[in-house]
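Trainee: I am new to this structure. Can we go through it in short steps?

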Amino acid sequence: MKLFFTGLLILVAGYFVYGSIVKKILKPDDRETPAVTDNDGVDFLVLPNWKNMLIQLLNIAGIGPVIGVIGGILFGDIVFIIIPVGCVLMGAVHDFVAGMMSMRHKGANLTELVRITTNKPMYYIFSAFLVLALLLVVAVFINVPAKLVAGLISGNGVFFWSVAGIFLYYICATLFPVDKIIGRIYPVFGGVLLLGTAALLISLLIFSFKDPSLLQEGAIFKSKVFTAANNKPILPMLFVTIACGILSGFHSTQAPIVARTIKSEKQAFGVFYGMMIVEGFIAMVWAAGALAIYNCFPELIGTDANGVLLRITGHFLHSGLSMVVVISVIVLAITSGDTAMRSLRLSIAEMFHLNQKPILPRLLVMLPLIAVTAVLLIWSNSDSGSFGKLWTYFAWSNQVIAVFALLAGSIYLFSLKRPAFITVLPGMFITFVVATYILWISPEHGGPVGLGLDLYDAYLIAGFLSVLLFAWAKVRGSEVDLNP
């Protein structure tokens, strides 16, 4: 229980202390933003600051800080410290840097930021990778909320019609101007999310004050904690499993959406850095809920995370509040999926220089995306194992995106001759995590196809690659002029 409250304190202190250091380095000022200079009434327009904050929160807070931490807490209660430290030093910095870079470069998407900071070969490789990764995100964020709806409502065809309805909503939200659907319904969704999270936290505190052992590692829980011995080493597996609650590359694809609707750069710190801290808080609450339910019902350890989620809400909340909390999780997934598809449209349009103000070019970009997503949905639901594979590829590809975002951010800061440690250190760390995962993972190690190296050999090679990549970032930063 002490670790949980310590983690919450780290989140609050980190926002004010480390956040102020990051803000001084990035220097948001009073210059005109893309929302003002490039207003097109579709993607570039001014929205109130409170709306931008809620949109950013709902964009980034997908199922990672819920579904991810339900599995992630099985690495032990040390997760209560790792989540806030990672959120403050890595995730919030990553989001803030991505948002500021986009605002300083006419609302550029991540692919364009990679192009201007790195080189053409890296840009082409990353662009193709990002399109595939975002397609995985869209498919995952259709399937998961549909499964939760099917868990709440019994009946034949509920899952199918939930998938169809969510997919149709994504298409509409992607095509319409940002203020017509997203700008109107996100405040409502945000209220549901915050209410659901607060309800779960209050209930957990009431239960844990009566029985403090709920938020500690029980004997059975300790016997089943993930370790290297059972092919779940905390490095790299924890940071791929939890992702969104600590550091998520997906966020850097979402930052440009809000960077195009912010009136003043001085609002950027609260929107980007601040909302990641809020997501860290959400992850902490759900990690606590997962640990408590595993202590109450050890037989749930290792079972389907969606089922565990429903058990958490059903056990710790009255039926009415339980429904609100589950709906808030469904909202989390849906409000990340729709903007993932929007980010796909914007990125592809930017790559091919397609004007997105008229409706026809937007439709032309959307049609192939709809077709490919439909194929992914059919495949992922063809058998029980397919969705697991989809989730796995989504999880590690998400962190590859973070590598590129932090690499671009480091080059940007080196170019401006500003302290780059805020992006270099998390960039090197997540490069180490991703490289270790790819080098070590294999079916023999309980995962998808990889190189299957010995874990410590993977550590050694990954460490060398991470140092090499960010040493190159320093060299590259001295070669380019990125002063906006």
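Trainee: Which residues in H16 do Leu 309, Leu 310, Thr 313 and Gly 314 in H15 meet?

Mentor: Keep in mind that this is a predicted model. Contact here means heavy atoms within 4.5 Å. On the H15 side, the residues are Leu 309, Leu 310, Thr 313 and Gly 314. Their partners in H16 are Ser 322, Val 325, Val 326 and Val 329.

Trainee: Is H15 roughly parallel or antiparallel to H16?

Mentor: H15 covers residues 305–316, and H16 covers residues 319–351. Their axes lie 8 Å apart, at an angle of about 150°. Angles over 145 degrees count as roughly antiparallel. So H15 and H16 are roughly antiparallel.

Trainee: Is the crossing of H15 and H16 left-handed or right-handed?

Mentor: The two helices pack at an angle of about 150°. Their crossing is right-handed.

Trainee: Now the second largest pocket. Which helix gives the largest share of its lining?

Mentor: The pocket holds about 240 Å³ of space. Helices H8 (120–152), H18 (384–415) and H19 (421–440) each give two or more residues to its lining. The largest share is 5 residues, and the helix is H18.

Definitions and conventions:
Residues are numbered from 1 along each chain as its sequence is written. This is a predicted model: local features need pLDDT of at least 70, side-chain atom pairs count only at pLDDT 80 or more; totals for chains, interfaces and linings use all residues. Side-chain values use heavy atoms; hydrogens and water are left out. Axes are lines fitted to C-alpha atoms, for helices over the stretch in contact, and angles run from 0 to 180 degrees between N-to-C directions. Helices (H or I, at least four residues) and strands (E, at least two) are DSSP runs, numbered from the N terminus. Angles under 35 degrees count as roughly parallel, over 145 as roughly antiparallel, 65 to 115 as roughly perpendicular and the rest as oblique. A crossing is left-handed if the near helix is turned anticlockwise from the far one by less than a right angle, and right-handed if clockwise. On a 1 Å grid over the protein atoms alone, a cavity is a set of points where a 1.4 Å probe fits but cannot get out, and a pocket is an open set with protein on both sides within 12 Å along at least five of seven lines; lining residues have an atom within 4 Å of a point. Grid points are joined across faces, edges and corners, and a volume is the space filled by probe spheres set on the points.
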